[in-house]
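Good morning. Please have the display open.

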Amino acid sequence: MLLYYLDLARRSVRNARALSLLMVLTLGLGIGACMTTITVFHVLSGDPIPHKSARLFDVQLDASDLVGYRPGEEPTFQLTRFDADTLLRERRALRQVAMSGTFLPVRTDSPDVKPVYERSRITSADFFAMFEAPFLRGTGWTAADDESRARVAVISRKLGDRLFGDADPVGREILVRGESLRVVGVLADWRPVPHYFDTTLGAYAPAADLYLPLATALGFGFGTAGNMDCWGNSRGQGPREPGSPCAWAQYWVELASAADAPAFRDYLVQYSEAQRQAGRFERPPNVRLRNVVDHLVHREVLPGDVRLQMWLAFGFLLVCLVNTVGLLLAKSLRRSGEIGVRRALGATRGAIFRQFLVEAGALGLAGGLLGLALSAIGLWLVRQTPAPYAALAQMDWTMLGLTLALALAAGLLAGLLPAWHAARVAPAQQLKTQ
Amino acid sequence: MDLMPILSTLRRHKTAAGLIVVEIALTLAIVCNALHLIATRLQVLQTDTGLAESELVVLDLDGTVADERADDVSAQDLQALRALPGVKSVALTNQVVYGYNSNNSSVSLEQGQRQGRLSAANYSGGEGLIATLGLKLVEGRDFRPEEYLLGSVLSKQDKRTVGQVIVNRALAQRLWPGEPAVGKVIYVIDDTPSTVVGVLEQLPHPYPGRKTDSGDLAMLFPVKPSYRGGVYLLRTEPGQRDAVLKAAVEATARIDPTRVVGTGATLQEMRARHFAQDRSMVWLLSGVIVALMVVTAFGIVGLASFWVQQRTRMIGTRRALGATRAQIRRYFQLENFMLTSSGIAIGMAGALALSLWLMRLYELPRLPLVWLPVGALALWLLGQAAVLAPARRAAALPPVAALRA
């Protein structure tokens, strides 16, 4: 029966070529626009580390002074050097990382290699295990290396290629701002989306190409990049020195399970209280412990424009759908005569209804295929924009399936009203007018 | 012309007529809000910073080795850059508009003030910055040569003290509305006093058009950064910017070849990059408006054509009874006008509802009512344009052919 309906649909399309083409075009445009924006939304709002995002937590403490204090307000979102050092030393979580992004010049002792400025991360040792950075060769460094301020570094494959060509970089020396460091590991290509563990240099920034132990880098007097909040008097201290009233370090912990979070929060509250009694903190304990997903939501990582574009596209698809319903209705009313004959020859109302739905579904699918092509063009256009996430706008299989499903649903939805109208046609009256 | 026949015909085609009305209403609601969004983005794109943007070149140098002589090297750089042909003036600044960083500090009117402090963009720059930026003092004076301090020296002080500050008019008016600002004192750095010596008509935040805590408040301290913490700003003739940039890179490389160029661009290039997202949103929204109008127009053409075909007999009868072609055409035009008008009426309410929803979601300003008649006019014109061809076709039907159908 389906085949017969499809054959009828083919004939009906042939009889009204322009109108059918118009419907397919309209649906295709609407679906193409929708899929382009949904794909971008899907890529940008995904969970970057789904199997452990519920156990990874960003730590915030309220170390600020009482200036402009409002009880319960959001504490500074990063930690001071002192707090980061202390929490690291106390090791109360399964893994813990204190870190910051920065930009550092790198070269080798070969005069042929030009110095390059690289996106860098200065971090404590657990970083690689916690965020599952994939090693191509070698390994990261250890907590003992952190303590001894070891002169070690991990580099990306890209940086390794640039500095050493085809040779294995592990064991080789690099010069960072004139300081000599030994490469202990090379990372495979890695791009967490979003760059969830530090959004201060752009939520969709690429991962760093150079990694150094935090203590080593601070010992050399290297700076940090990103966000820094300072309060009170610095007393002649640099902002990254242990006594300074400046928050700039991201601090993350990995707990054995999400259920351990309340206990860890209690520990942070106790720590804050102890700091207050010692006179360091002026504010009452006010901590935040957010897992990856909550952290991303709280930092409003998803660009507002992306969501706005998606709503716009849905609005556009809605107009396209209403338009298609109207055109389908016009088409089915014009075929009242044909329906009358089919009904008179014994077709039931249900059969007419199904016939028109099959036709609408077929149009929807055709629109979906067009929409697929249009969303490929749309995503290509997104990739040409200067947005930081431009390169990430790629179609995948999920989105491909979703497009066709959406198209079929849209076609059927648009077909319901006209099919119902068609099924109600009274055969006698139609036959009389002919 | 009598409206009754039109109304009675439409009553018999309630669903089709209703669909057109809904489509026009949806289109109007979206188009009005899209126009409003375009207008807000265009306003951002037209931000006037008050700078001589077309004459400025930015050169940011990064050191690749530790440098104890950064201040000396910077002094040599400045001398070499000022000697370049085509360069009107050069200055070092800690931050530049459309740049990659923004420095902000809180400002108090009293020592130890704990509440109600303001945040303002904190510029520190060397000699000639105001002239290089092309800014205008509306009150007071520029810094005197002896007032400039070296940033590297200042940072080693236990309680950093900078005696003078220049504020922009926005900050002056916020702190001392209606009063002269020169001679007043603010506390910014380490709770030490700085006296206002001048007021600039404009001094933009480094991220103009973006939402920041500082808003449009900004101030300038006579603190000289070195090339490591600052960027060079060169002012030249618009036509010479590229040549000057090239010469500046070469001149500074001769002084210290270990440095690499972080940013070397005209301020206009940096502005284009800064506003790129807003510009692409304007294009996208315009595209959406055009696509919506086209789809709606096709919908009107499709349904109108269908109606013309269905009413062939009626048209023939009316023509046979003496109706002119113009009357038949006007019939369809009037019908379209009525449908569009009802769509517009519903759409205006929809536009306001959509605007309220967008305001809640994106903190957008409320839809200015002026966009409603603009959108309505656009849809009336669109409707009339779309119905013209089917209406003409109806009018062209000969009465005999119509009766035979």
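**Where the chains meet**

In this predicted model, 41 residues of chain B are in contact with 40 residues of chain A. Two residues count as in contact if their C-beta atoms, placed from the backbone, lie within 7 Å. On chain B, the elements that give two or more residues to the side touching chain A are helix H2 (14-45), strand E13 (260-266) and helix H9 (276-310). Helices (H or I, at least four residues) and strands (E, at least two) are DSSP runs, numbered from the N terminus. H9(B) gives the largest share of that side, 16 residues. Sorted by class, the side of chain B that touches chain A has 20 nonpolar, twelve polar and nine charged residues. Here Ala, Val, Leu, Ile, Met, Phe, Trp, Tyr, Cys and Pro are nonpolar, Asp, Glu, Lys and Arg are charged, and the others, Gly among them, are polar.

A word on conventions. Residues are numbered from 1 along each chain as its sequence is written, and chains are lettered from A and ligands numbered from 1 in the order in which they are written. As the model is predicted, local features need pLDDT of at least 70 and side-chain atom pairs count only at pLDDT 80 or more, while totals for chains, interfaces and linings use all residues.

**Domains**

Chain A is divided into domain 1 (2-45 + 303-433) and domain 2 (56-298); such bounds come from an automatic or database domain assignment. The C-alpha centres of these two domains of chain A lie 51 Å apart. Their contact takes five residues from domain 1 and five residues from domain 2 of chain A. On the domain 1 side of chain A, the residues are five nonpolar, no polar and no charged.

For chain B, the assignment gives domain 1 (4-46 + 276-404) and domain 2 (53-274). The C-alpha centres of domain 1 and domain 2 of chain B lie 54 Å apart.

**Helices of chain B**

What should helix H11 (residues 325-362) of chain B span? Its 38 residues should span 56 Å at 1.5 Å a residue, and the end C-alpha atoms are 52 Å apart, which agrees. The expected span is 1.5 Å times one less than the number of residues. After H11(B) comes Glu363(B), with a positive phi near 50°.

The axes of H2(B) and H11(B) come within 7 Å and cross at roughly 40°. Axes are lines fitted to C-alpha atoms, for helices over the stretch in contact, and angles run from 0 to 180 degrees between N-to-C directions. H2(B) and H11(B) are therefore oblique to each other: angles under 35 degrees count as roughly parallel, over 145 as roughly antiparallel, 65 to 115 as roughly perpendicular and the rest as oblique. The contact of H2(B) with H11(B) has 15 nonpolar, seven polar and no charged residues.

H2(B) also packs with helix H12 (residues 371-396) of chain B, at an angle of about 130° and with axes 9 Å apart. This pair, H2(B) and H12(B), is therefore oblique too. The contact of H2(B) with H12(B) divides into eleven nonpolar, three polar and no charged residues.

**Backbone details in chain A**

Most residues other than glycine have a negative phi, and most peptide bonds are trans. Glu132(A) has a positive phi, near 55°, and is found in the loop between helix H4 (127-130) and strand E5 (135-138) of chain A. The peptide bond from Val193(A) to Pro194(A) is cis, with omega near -10°. Pro194(A) is in the loop between strand E8 (179-187) and strand E9 (210-213) of chain A.
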